[in-house]
Amino acid sequence: MLGMSANSVSYNEQGSVESGVDAAPWFLCRNEDLKEMLESNKESLKLEAMKRIVGLIAKGKNASELFPAVVKNVASKNIELKKLVYVYLVRYAEEQQDLALLSISTFQRALKDPNQLIRASALRVLSSIRVPIIVPIMMLAIKEAATDLSPYVRKTAAHAIQKLFSLDPDQKEHLIEVIEKLLKDKSTLVAGSVVMAFEEVCPDRIDLIHKNYRKLCNLLVDVEEWGQVVIIHMLTRYARTQFVSPWREDAVFDENSEKAFYDSEEERRVDQSKPYIMDPDHRLLLRNTKPLLQSRNTAVVMAVSQLYWHLSPKHELSIITKSLVRLLRSHREVQYIVLQNIATMSIQRKGMFEPFMKSFYVRSTDATHIKTLKLEILTNLANEANISTILREFQTYVKSQDKAFAAATIQAIGCCATNISEVTDTCLNGLVLLLSNRDETVVAESVVVIKKLLQTQPSQHSDIIKHMAKLFDNITVPMARASILWLMGEYCEHVPKIAPDVLRKMAKTFTDEEDIVKLQIVNLAAKLYLTNSKQTKLLTQYILNLGKYDQNYDIRDRTRFIRQLIVPNEKSGALSKYARRILMAPKPAPVLQSAFKDRDRFQLGTLSHTLNSQASGYLELSDWPAVAPDQSVRNVEVVEPVRLPLRESESEENSNDSNKSSSSQSEKSSSESDSEKKKKTLKNKKLQQQKPDSKDRQKRIRSTCLRIMQHNYSLNYYLPPQIIQKTLNIMTKYILIHIVLSISSPFFVNCMCSLLHLCVFLACQFDAVSWPVRVSLQASSPVFVPETSHELLHRMTGKGLSAQYRFTRQPCIYGNSMVSLQLTLSNRTDQALENIHISEKSSTGQNIHRFNAIERLEPQASVTVSMGVDFNDSTQTANFQLCTKEDEFSVSIQPAVGELLLPITMSEADFTKEQGKLVGMNESSATITITPENVSSQSVNRKVVSVANLGVIPSGQENIYRFAGKTVSSGSLVLVSVALKDPDAMITINTEKTVMGSMLLRQVKTALTNSGP
Amino acid sequence: MIHSLFLINNAGDLFLEKHWKSVISRSICDYFFEAREKAVEPDNVPPVIRTPHHYLINIYREKIFFVSVIQTEVPPLFVIEFLHRVAETFQDYFGECSETTIKDNVVIVYELLEEMLDNGFPLATESNILKELIRPPTILRSMVNTITGSSNVGETLPTGQLSNIPWRRAGVKYTNNEAYFDVVEEIDAILDKSGTTVFAEIQGVIDACVKLSGMPDLTLSFMNPRLLDDVSFHPCVRYKRWESERVISFIPPDGNFQLMSYHISAQNLVAIPIYVKQNISFFETGSSGRLDITVGPKQTMGKTVECLVVTVHMPKVVLSANLSATQGTYNYDPVTKILLWDIGKLNPQKLPNLKGSLSLQSGAPKPEENPSLNIDLKIQQFAISGLKVNRLDMYGEKYKPFKGVKYVTKAGKFQVRT
């Protein structure tokens, strides 16, 4: 037996070990598997992996160990893949701050993208990565985006403000500046988001609103619905600080019941001699929000309702009633909130909802909290005229199967009975009938309510008290028992025979009662002792003795107190004389009032109102100012043309459409001019992006480190030593991370460069040194664009289709590393050619962005399309297939080396400095004899820029001409200088790309030696 | 604003979480579970729950709780409305909003949630824009996607988001241009024991299905617009035109949408299409009861009442029902205590009747209140309020669209007390 069990144990152990071994690799395998998929070259595999990872995130499973594998795909071309990577990044960046930094450069690059949606999404993700270290970068990005031409990007900037604020509240002052700028924005798209940011960051800076107040009021109808809610709430607060109360003269006409609402002080302040005139701006707000009561969005309707409640003259308030009642048709949760607000309103203004009383009738299918709220409102609405209808309705509710609801109804009946004296008797009789109900909760609730009602006029109701005494044995709910005992004691003089008998019964069961009942027994005993000591003296003493040894200290305490008070002895002197007056003092009747009585201290429609306690971040609604502040602050200096509500005019929509199509172009040019402007104003420090050629990783890391060191030496000149120290520290840290991670090469280099920039940038920020550090090479517009086009496909070989291409020398919109090409396709046949496109198969390795297929090309017609090719900084030909519906033609493009560059501008000093770094292997030079007509500066410049897409550097020295550019693909710096020493000229080319350098040299040489234009 | 969202099914399983700001541990939902337990019925869960540091605002829809976490003051309706919009979007995308469909399409759900909120503030909630950003799954597309590896994410940019008409996308093209409008009216009523109307009103909506090319500008007018007591519109409707001329002028979204909803005031006498004669009684002894229900037509204007269903929520003590129906079928579920009588078409010549006995739990006291009856019905080609569409005009486009209007009357919250 023992052996058996031992065996089985060992077997189990084996089994478990085995399964453990199985499980571990299986688990690893799973993530390993995902990692492998992410590292594969196939988009579809990567996508599949990301989808599975998102599935894990959704389930709340931890997928953080995949971070390095995922973050590599951040620059993917596939939009869905990219989006999923963003989802992942935003989720885990906070936990993996160091690694998250690797993705920053991608976003920084995307922030400059000509496409507004790409810019916006980059800013969105960048600002969602909650990594404190990038705060300065975020700040910069927000500032830039706030001046973007696209309203969509500006909207995103407004959202980013809040994110940055929650990440680093110290940025508040800077952010307020941005908010101020964005508040001036006239786009409906931005308005809601910026007001949201305002509410979050600086809700007290009401002065920022003045100038924008009228604009916001006018835009409101066209703002998207969520923005409307936020703006309306903000404007409500604003109006309460800026306008005087419109309620003054109305107060005279108000119903009597509302007297309490008006502060007596406020009424005294009323200056009857001066009639109230509403500020036109106040009127503007009311007028422009009114149509929104018809919105389908319940939050908007509620927001407008609360605005009217807090701001409108009382006689205009009735327009919100219908809309609020309409909301009751909506979902259960909406009903709940709306009913709460109606409950608060209905206390102060019965008249508003009385005509809609029947809308608050309870259905058996309503949820309990809805039923209770409806009951509350019905109680509030009850008056002499409608009380009979309401009571009849209540009668059906009392019979409800939902006992909690039935109990609440009884409470409501009690409320009605106290509020409306005409029906008190009817209600009491009804409640007494309920005492014989079978359900305990109903009976208990009735007793409690009757007790409260009787307190108002006890003398007439001794028979009710007798009736209750009779029922006492059958009632077990403690609260009800306690209530009856209290009634007995309080009115023992009305029922002199019954009360002692009840006490006798209680003495028997004292020990079994609940605490609350025990207290009342002691109470009753004391009162009887004082009024009828002859009959109850012994009973009282017995009860007091029981109480003395009770387990509950409250009861022991009370007993001790009562004994000292009522039983005269030597020690208790003064007080016992007053015992009767203390215990039998006439007590004020309890006021049965609504739970919503004091809810109006909160702004309606807010979370605080719903909870009836101040939620964090709740902004108090201020009282009306006694004297209106200066109205002129809202005047806008420049008289703006009145903006037509957009939906009203068709023509505007059309013009907007056409604007859209041209917007991308205008945007691009503006961003260029923008960047140029900045260059002039800032003394930029340019850092170089470098790409090591070696494929050996070890070597690469070492060389990168060295280069970084080199940079630091050059930085030495500008930066204080402590900053250098910090930079080095930060860098060392990340380089270590890199060595640990095996990250594929191009990505690594990108990261390295961006990290270097980041580090220097941060080191400056840390010491609060405002250091004008420019961290990226900025492409400028081309100096010269050649008109010559090259033949791609001759019409003979192309069976009538001819194609020509030319280099536009613009940064390519399809990808940062692509060369932009313009293709002109012409149809020389007499038939239309259909479906002209570039075949999916690319024979060489180049990445080609194809133009959209041309559906149909008419005879003799020609069409111009643009495409992008990533030549990867080599002059290798790009081969691809140009296809029509019928045929396929192999074509190839061989770029001149000068076309693989993008011009950049820099100062002369920077140029020489950079040149100094690119010596030795990286320098190639030649001396030529220059033709005489080429000696002038204009001709040298023209010759060089026509050969290569370079930027001209303003030169301080005569006879030396400098040109700078970067390679399109890798962004390596290419510096060309021509020094004229009559009659010779020395051409020097400095670039890391030595092959390109020598090719370029040859071309420049030929250009300058050739005569002619 | 909205910090995180948790989806929880009826059994209390948390099956999806999404955070728009820092991650909040799912243990926050314990407060919700506590409230859920206390409420017994899912409908009774309070929509706003306070926890020490956060506030939970939840909605219950299609057997799923959408629980959102809030940190600071926000209008609660803002959150509730948004959550409902999320549920509607799921319904729109997947045909139904259920746990299975959400789990099956978790990637699309995530992509949608990502687009709908930025930092807790709604970004794109218009279905037309969302559909351009993320294409809804269809069987055909998912098959093509698996074969070709192409994606569901739109590569083009949504045109609507950047324009002043965010609800409509540009470049819509149809070969058949058509616009259909369904006027659907619901009668909300409470009838008392004797059949008199305690409360009745009519709520109507106009659902539209517009498939028109280009940028059509439509104008819809009514024969009797005065009937409409209170209206609310889709954002596309120009409020000003309605206020001044009582016509509905709008550039429609593409596809299906709800153009407007309206309310016919209780002052106008509401015609109740049917009457119900019922007698439900429980006996003091013998733990049994009797049930007898007859339904007949009242004010139907000569139309046929269809899809007539009577639902009774029986008291807890009713164990089983032994009934016989002259028309239709009945079913009593002893677990939920719901008696469902599906009558179908109402025949005025031969009134449907359900009669029989109920057996109660022995020993239990007889229920105090008789259960109320909930009625469901439908009348085709008839708007009970008498509302009539006068004409539909189109401007801005050249072609001639095909137009159609349909009327339906349904029972809304139609309850008969007994």
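Predicted model: local features only at pLDDT ≥ 70, side-chain atom pairs only at ≥ 80, totals over all residues.
Residues are numbered from 1 along each chain as its sequence is written, chains are lettered from A in the order in which they are written, and side-chain values use heavy atoms, with hydrogens and water left out.

Let's start where the chains meet. Here 104 residues of chain B are in contact with 100 residues of chain A (heavy atoms within 4.5 Å). Together the two chains bury about 9200 Å², with 54% of that on carbon and sulfur atoms; buried area is the accessible area (1.4 Å probe) lost on putting two parts together, summed over both.

Now for the charges: the rule finds 13 salt bridges across this interface (a Lys or Arg side-chain nitrogen within 4 Å of an Asp or Glu carboxyl oxygen). A:Arg332 forms a salt bridge with B:Asp43, their closest N and O atoms being 3.7 Å apart.

On to the inside. The largest nonpolar core has 345 residues, and B:Phe66 and B:Phe90 have the most contacts inside it. Such a core is a set of buried Ala, Val, Leu, Ile, Met, Phe, Trp, Tyr and Cys residues joined through side-chain atoms within 4.5 Å, buried being under 20% relative accessible area (1.4 Å probe, protein chains only). Leaving aside residues up to four places away in sequence, B:Phe66 touches B:Phe90 and, among others, B:Leu5, B:Ile57, B:Leu83 and B:Cys97. A second, separate core of 56 residues includes A:Leu801 and A:Ile928.

Key:
Buried < 20%, exposed > 50% of the residue type's maximum accessible area, 1.4 Å probe, protein only.
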